[in-house]
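Colleague: Hi! Could you walk me through this one in plain words?

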Amino acid sequence: MKEPPGSEGPGPGLAGLEEPVLFFDGVCNLCNRSVDWIMRRDRRRVFRFASLQGETAKEVVPEFAKAQDLSTVVLVANGRKFVRSSAVIEVLKGLGGSWRVLGCVLRVVPRPLRDWGYDRVAKARYRRWGKRDTCRVPGPEERERFLP
């Protein structure tokens, strides 16, 4: 079976994940705001989250958890990895409603063009939005949605 563009087939540690997990740069302010945005709209509580600097990322997506390059958001869902703009689209689709429609519309844009735009934002994210000294520590009400 052919994988969707922007996704990779099953890899180590993927089989143990039952829910979609979004891996993000835990010190990036833009990334943390994006996680907050997703959690507010994820009324069905579909997504779980883990920082790329954490233990879960080292097991499940070690190729993206390298300290020198944490610029790629990764969604692991249904035994596949979606990266960069494809991860964003899958998250939108997973939120349902009009967000799903937006995800389907964005899927029409060729992946190289989508990823070019994603890369421009990722490259400027620390300069424009800043970064934290340490990774996000989830509050009590969100702790169950975060993996170590």
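Colleague: How many helices and strands does the protein chain have?
Modeller: The protein chain has five helices and five strands. Both are DSSP runs numbered from the N terminus: helices are H or I with at least four residues, strands are E with at least two. Before we go on, this is a predicted model, so local features need pLDDT of at least 70 and side-chain atom pairs count only at pLDDT 80 or more, while totals for chains, interfaces and linings use all residues. Residues are numbered from 1 along each chain as its sequence is written, and side-chain values use heavy atoms, with hydrogens and water left out.

Colleague: Thanks! In what order do the elements run?
Modeller: Starting at the N terminus, the order is β-β-α-β-α-β-β-α-α-α.

Colleague: What share of the residues is buried?
Modeller: Of the 148 residues in the protein chain, 46% are buried. Buried means under 20% relative accessible area, exposed means over 50%, and partly exposed is in between (1.4 Å probe, protein chains only).

Colleague: And what about contacts between residues at least 6 apart in sequence?
Modeller: Among those contacts in the protein chain, 70% join residues at least 24 apart. Contact here means heavy atoms within 4.5 Å.

Colleague: Let's look at helices. At what angle do α3 and α4 pack?
Modeller: Helix α3 (residues 85-95) and helix α4 (residues 97-107) pack at about 150°, and their axes are 6 Å apart. That makes α3 roughly antiparallel to α4. The axes are lines fitted to C-alpha atoms, for helices over the stretch in contact, and angles run from 0 to 180 degrees between N-to-C directions. Angles under 35 degrees count as roughly parallel, over 145 as roughly antiparallel, 65 to 115 as roughly perpendicular, and the rest as oblique.

Colleague: Which residues of α3 and α4 meet?
Modeller: From α3 there are S86, I89, E90, L92, K93 and L95, and they meet G97, W99, R100, L102, G103, C104, L106 and R107 in α4. The residues of this contact of α3 with α4 divide into seven nonpolar, three polar and four charged. In that sorting, Ala, Val, Leu, Ile, Met, Phe, Trp, Tyr, Cys and Pro are nonpolar, Asp, Glu, Lys and Arg are charged, and the others, Gly among them, are polar.

Colleague: How do α1 and α5 pack?
Modeller: Their angle is about 100°, with the axes 8 Å apart. That makes α1 roughly perpendicular to α5. N29, L30, C31 and R33 of α1 make the contact with V121, R125 and W129 of α5. By type, the residues of the contact of α1 with α5 are four nonpolar, one polar and two charged.

Colleague: New topic: how many aromatic pairs are there?
Modeller: The count comes to two aromatic pairs. Rings of Phe, Tyr and Trp (its six-membered ring) pair if their centres lie within 6.5 Å; planes under 30 degrees apart are stacked, over 60 edge-to-face, and the rest tilted. W37 and W99 form an edge-to-face pair, with 4.8 Å centre to centre and 80° between the planes. W37 lies in helix α1 (residues 29-41) and W99 in helix α4, so this pair ties together parts that are 62 residues apart in sequence. W37 is partly exposed at 25% relative accessible area, and W99 is partly exposed at 29%.

Colleague: What about F49 and F146?
Modeller: F49 and F146 form a tilted pair, 5.5 Å centre to centre with 35° between the planes. F49 sits in strand β3 (residues 48-51) and F146 in the segment after α5, so the pair ties together parts 97 residues apart in sequence. F49 and F146 are both buried.

Colleague: Is E142 buried or exposed?
Modeller: E142 counts as buried, because its relative accessibility is 13%. E142 is placed in the segment after α5 (111-129). Leaving aside neighbours within four places in sequence, E142 is in contact with M39 and R136.

Colleague: Last one: what is phi of N78?
Modeller: Phi of N78 is near 55°, a positive value in a residue other than glycine. N78 is in the loop between β4 (74-77) and β5 (80-83), and at 74% relative accessibility N78 counts as exposed.
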